[in-house]
Amino acid sequence: MPTPEQLLENNANWAEKREQDKSGFFKHLSTQQKPKYMWIGCSDSRVPANEIIGLEPGEVFVHRNIANQVHHTDFNCLSGVQYAVDVLNVDHIIVTGHYGCGGVNAAVESTHYGVVDNWIRGIRDNYITHQEELSGLSAQKLSDRMSELNVIKQVENLSHSRIVQKAWEEGKKLTIHGWVYRLETGLIHNLDVSRNASDDIEPVYRATPVHE
Ligand code: CO
């Protein structure tokens, strides 16, 4: 394991190489931030956003937390989403979970880990909601499917948020995606649950009330 001093050395080397490859790289980057993507992912050290989708500094706005949650009471995540949508005008928000997620696995076990139990409580509720579909699955398949269901739920939460609803009502081009990354292969599985309009959203979640 490198020491913190070595990390600083790594940084100096990286910055030097970047400048060599492209002179003025940092100066140019420091004057503007125009990413087209926002990434909401797990804090897991094995799922580094930029690296696995091949994006450079400045190209993806990132929010990460344990088990890639989008909670309606989490001002940290919501502030990020609002800034990305209203100020940076991103075109895509990608919720990326991963198979073998410790947060997801912890939620379906009866083990208690401390304060994080509160954080992953929604995953536990989601597990109960889908218990019928999940019953009879092997431990591995259950874990994999729960990682997928967790992402689908967060895509839903995000789509139900006033920030996203308002953006869609204003005609903004914004697509929400749900992906799951596999640690064993380095590959992302697209769950095909993208949303880009309020059309299929229940009226109670809409920013402007719908009278039917
Ligand atoms: Co995780």
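## The sheet

Two strands are taken to pair if DSSP finds at least two bridges between them. Helices (H or I, at least four residues) and strands (E, at least two) are DSSP runs, numbered from the N terminus. The model is a predicted one, in which local features need pLDDT of at least 70, side-chain atom pairs count only at pLDDT 80 or more, and totals for chains, interfaces and linings use all residues. Residues are numbered from 1 along each chain as its sequence is written, and side-chain values use heavy atoms, with hydrogens and water left out.

Strand β1 (residues 37-42) pairs with β3 in the parallel sense, over five bridges. In this pairing, G41 lies opposite T96 of β3. The open sheet has five strands in the order β2-β1-β3-β4-β5, with mixed pairing. Because β2 (60-65) and β5 stand at the edges with a single partner strand each, one side of each has no neighbour in the sheet. From one strand to the next the twist averages 25°. Helix α9 packs on the sheet and touches β1, β3, β4 and β5; the direction of α9 makes about 160° with that of β4. Contact here means heavy atoms within 4.5 Å, while axes are lines fitted to C-alpha atoms, for helices over the stretch in contact, with angles running from 0 to 180 degrees between N-to-C directions.

## The β4-β5 hairpin

Strands β4 (residues 175-182) and β5 (residues 187-190) run antiparallel and are joined by four bridges. V180 faces H189 of β5 across this pairing. The hairpin has four residues between the strands, and G186 adopts a positive phi near 80° in it.

## The contact of α9 with α10

The axes of α9 (residues 139-160) and α10 (residues 162-169) come within 5 Å and cross at roughly 60°. The two helices are therefore oblique to each other; angles under 35 degrees count as roughly parallel, over 145 as roughly antiparallel, 65 to 115 as roughly perpendicular and the rest as oblique. L158, S159 and H160 of α9 meet R162, V164, Q165 and W168 of α10.

N89, in the loop between α4 (75-87) and β3 (92-98), has a positive phi near 55° although it is not a glycine. D192, in the segment after β5, likewise is not a glycine and has a positive phi of about 55°.

N89 is partly exposed at 37% relative accessibility, whereas D192 is exposed at 62%. Buried means under 20% relative accessible area, exposed over 50%, and partly exposed in between (1.4 Å probe, protein chains only).
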